[in-house]
Amino acid sequence: MTDSDIQITVEGTPNPHAAKFVLDRDIPGKGSRSYFDPESAAEDPLAARLFEVDGVRALLIVENFITVTKTATLDWPELLDEIEAAILRALDTLR
């Protein structure tokens, strides 16, 4: 698995501060999981990497998607590319 062969589609949610990042494959790891701070995500390489992105406030990881909740102070255009890059880097290291 390399960065170039993973497809990510971003979808909106009813919450304007949350976006759903849908992958074209299942995400490695132990089933559904949610995190509300970096400390709780420390043992999950994907979640830990996402919390390194400034503005990420919470995560829900289920099967083939990640719902990212951001802080209200940042807008999605400022975060989308960085979040997608973090997902790709994390998944590349998990292969």
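Modeller: Asp44 and Arg33 are both buried (under 20% relative accessible area, where exposed is over 50% and partly exposed lies in between, with a 1.4 Å probe and protein chains only). The model is predicted, so local features need pLDDT of at least 70 and side-chain atom pairs pLDDT 80 or more, while totals for chains, interfaces and linings use all residues. Residues are numbered from 1 along each chain as its sequence is written, and side-chain values use heavy atoms, without hydrogens or water.

Arg33 and Asp44 form a salt bridge, with their closest N and O atoms 2.5 Å apart (a side-chain nitrogen of Lys or Arg within 4 Å of a carboxyl oxygen of Asp or Glu). This pair links distant parts of the chain, 11 residues apart: Arg33 lies in strand β3 (33–35), and Asp44 in the loop between β3 and α1. Helices (H or I, at least four residues) and strands (E, at least two) are DSSP runs numbered from the N terminus. Two salt bridges are found in the whole structure. In another, the side chains of Asp24 and Arg25 meet at 3.0 Å, N to O. Asp24 is partly exposed at 42% relative accessible area, and Arg25 is partly exposed at 25%.

The part to examine closely is strand β5 (residues 65–70). Six of its six residues are buried, so β5 is largely enclosed by the rest of the structure. Phe65, Thr67 and Thr69 point one way from β5, whereas Ile66, Val68 and Lys70 point the other way.

β5 has antiparallel partners, including β2 and β4; strands count as paired if DSSP finds at least two bridges between them. Strand β2 (residues 18–23) is joined to β5 by five bridges, and Ala19 has Val68 as its bridge partner there. Two residues lie between the strands in the hairpin of β4 and β5, where Glu63 takes a positive phi near 45°.

Helix α2 (residues 76–94) also meets this strand: its buried residues pack against β5, as well as β1 (8–12), β2, α1 (45–51) and β4 (contact means heavy atoms within 4.5 Å). Those buried residues are Trp76, Leu79, Ile83, Ala86, Ile87, Leu88, Ala90 and Leu91. An α-helix has 3.6 residues a turn, so residues three or four places apart point the same way.
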